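Dear colleague,

I am passing on a structure for you to look through, with some notes on its charged side chains below. Please read the notes alongside the coordinates.

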Amino acid sequence: MHPLPCSGAGLLHSRILLPLMGMRVSPPHSLSALLGAGWFRRLLQKPKPSSVESLKSSHSASSSPSSSSSSAKSSSSSPGTSLATSSISLSPVSALDISASDSPRWDKSYDVCICHSEQDMELVEELVSYLEGQPESFRCFLQLRDAVAGSAVVTELCDAVQNSHCWVMLITPGFLQDPWCRYQMHQALAEAPMANGRTIPVLKDVDRKDYPRELRNIYYIYMALKEKSFRQIRDTVMRYLQELCRSSTKRME
């Protein structure tokens, strides 16, 4: 699938919208209430390694080439759908390569930041559980679980974008109506405006005509079958981390 054409007006529109960082905004009451709800945060609490070093060690001890060959197989088996199956094939690089102690993967706190509407929380929890359960143990930022209690929403959203390698945007009718989702989308575009592979739009129950103009130069994944879309997201994140490691190695040579 090819990206939707992006007109000059669309690019200008996105550039005008990007400098939102300086705006003084107050979080929606519903989001503030959820962020302050300790029981909800505990419900979503995930067991975290005591440090990045412990996560590195666990990968070094458990990863094997077989896990990467299965991931490459799942990527190649998907028909030509958007970014996850673009012309760049997933190389047979083992999980050990992206999880080595000197991997640039560890330069950021998270592998994936999930941007979503509160209405889609159930689906997002399934996606996060899938990604974190992979052999690579992808580190996901989920705002209602990982945000610091009492901190400013704007600060949390900006930090999550800056401290993540990839950004999954679950674009649903709820996303399009949520100003915080729009804000986080603009922050991701400001961080890497043309980054196919880092920005991963996922469309669900949204017509093509309603696809955000700011993203029309970026490949997207259309979620028809949930399991297949989860694999595509996983393969896309894996491909980006592999390319990151490969580029880092070339610079050191």
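Lys204 counts as partly exposed, at 24% relative accessibility, and in this predicted model Lys204 forms a salt bridge with Asp205, their closest N and O atoms lying 3.0 Å apart. Asp205, for its part, is exposed, because its relative accessible area of 56% is over the 50% that the term requires.

Another of them joins Arg234 to Glu136, with 2.7 Å between the closest N and O atoms. This pair links distant parts of the chain, 98 residues apart: Arg234 belongs to helix H12 (residues 226–252), while Glu136 sits in the loop between helix H7 (121–132) and strand E2 (140–141). Arg234 has a relative accessible area of 4% and Glu136 one of 0%; both therefore count as buried, since the term applies under 20%.

The remaining point concerns Arg105 and Asp111, which form a salt bridge whose closest N and O atoms are 2.8 Å apart, and both of these residues are buried.

Key: Residues are numbered from 1 along each chain as its sequence is written. This is a predicted model: local features need pLDDT of at least 70, side-chain atom pairs count only at pLDDT 80 or more; totals for chains, interfaces and linings use all residues. Side-chain values use heavy atoms; hydrogens and water are left out. A salt bridge is a side-chain nitrogen of Lys or Arg within 4 Å of a carboxyl oxygen of Asp or Glu. Buried means under 20% relative accessible area, exposed over 50%, partly exposed in between (1.4 Å probe, protein chains only). Helices (H or I, at least four residues) and strands (E, at least two) are DSSP runs, numbered from the N terminus.
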